[in-house]
Amino acid sequence: MTMIALTVNGRAVNASAEPRTHLADFLRDSLNLTGTHLGCEHGVCGACTLLLDDMPARSCITYAVACDGARVTTIEGLDDDEITAELRAAFRREHALQCGYCTPGMLISARDLVLRLPDSDERSVRVGLSGNLCRCTGYVGIVRAVRSVIDERRRRGIQPVPGGGHSALGPVGSGSGSTSNAATVPIAAAGLPREDGGAIVIPDFAPEKVFKDHFTVGCPPNAVFDMFGDVARVAACLPGTSLTGVPTRERAEGLIRVKLGPISASFRGAARIERDPQNLSGRIVGTGSDQRSRSSTQGEIRYQLIPIEQGAATRVELSIGYSLRGMLAQIAREGLIRDLASRLTADFARNLERQLSGTGPDGSVEGPRDLDGFSLLIYLLRTRVRRAIRRVLGR
């Protein structure tokens, strides 16, 4: 389950939802807002239409967790809305409904047309309503009702709102930020928040998911700690990572590329680096966003270096925490994230060993490569098979 926070009909709602729960099901089953009707459940009939950040959206094909931080308005939330009240009166007057099943979604789509169309051109109204199906009326009364409301409002001098108030490019709801964690700073769809000087803001946050990992390196802890202070060398050990600016010992900006089959993402962001030489430990806090998938993430890595083999080698204990928002959050299960992090840790440990031992040319490692989905799949299958065998053998 995932905790989400959104505003529904002007009321703040904090609730948990399965990642694959549609917004329509969430509203009907969890909040008892049954005015949002379900018809085709494929985004075709328009019965489930509601307002997401004040724009019409199909709630049957919108995941509830993707609406974290959004404003949701259902037909129940439009009881006192002026345009909707005028439309309801016009629908009654023009006999624009029979069974009424399509009417909530039809009213919301019609409201958008009344808001933004400059005049009551019949073709424009019919095109605008083409995504809402009615099996009863034949549409004549509906079109008449919508046109009459547009005409009346324009006669009263009420001007149309260009774009219906949609001022940002991108899908409906794409401008929503996360509010489910008060310590999380929302990441805008168009990019990351920046300071006055242009530097990316790196906020502290409470991770939604945390897990542990570790690896060993055949070098003393002090050598490993010194290496961790060289941001450029550390970045060279991470597959798919490249720096986009000159790093300092406290901060770096860069890009991480991930490709899993047909899904590719490039997370551009920044990291803040904290080090404790006394305890040979440190903390890295990062934030990033991918424009293509409109996904954002925040991550935290805490590490502790522990001497082993009489100080000749080092065990690196890791605590990895993260929060993920947007499209990738809908498909990235916790188990997949763990397996991906384990693979990255293994690759990083291998490259780190090469850097420290100087076994590569000039002590270097291969340049950054994108995270390859096929090799990751092979790794995951191999890992799952090993786990299954251990369970069968009772070890």
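Buried residues are those under 20% relative accessible area and exposed residues those over 50%, with partly exposed in between (1.4 Å probe, protein chains only). Helices (H or I, at least four residues) and strands (E, at least two) are DSSP runs, numbered from the N terminus.

This is a predicted model, in which local features need pLDDT of at least 70 and side-chain atom pairs count only at pLDDT 80 or more, while totals for chains, interfaces and linings use all residues. Residues are numbered from 1 along each chain as its sequence is written, and side-chain values use heavy atoms, with hydrogens and water left out.

In helix α6, which spans residues 221-228, the buried residues are Pro221, Val224, Phe225, Met227 and Phe228. Seen down the axis of α6, these buried residues fall within an arc of 160 degrees (taken from the directions from the helix axis to the C-beta atoms), so they line one face of the helix. The face of α6 turned away from its buried side carries Asn222 and Asp226, both exposed.

The structure holds zero disulfides (pairs of cysteine sulfur atoms within 2.5 Å).

| Cysteine | Closest cysteine sulfur | Sulfur distance |
|---|---|---|
| Cys45 | Cys40 | 3.8 Å, too far for a bond |
| Cys102 | Cys134 | 3.9 Å, too far for a bond |

Cys45 is buried, with a relative accessible area of 14%, and Cys102 is buried at 13%.
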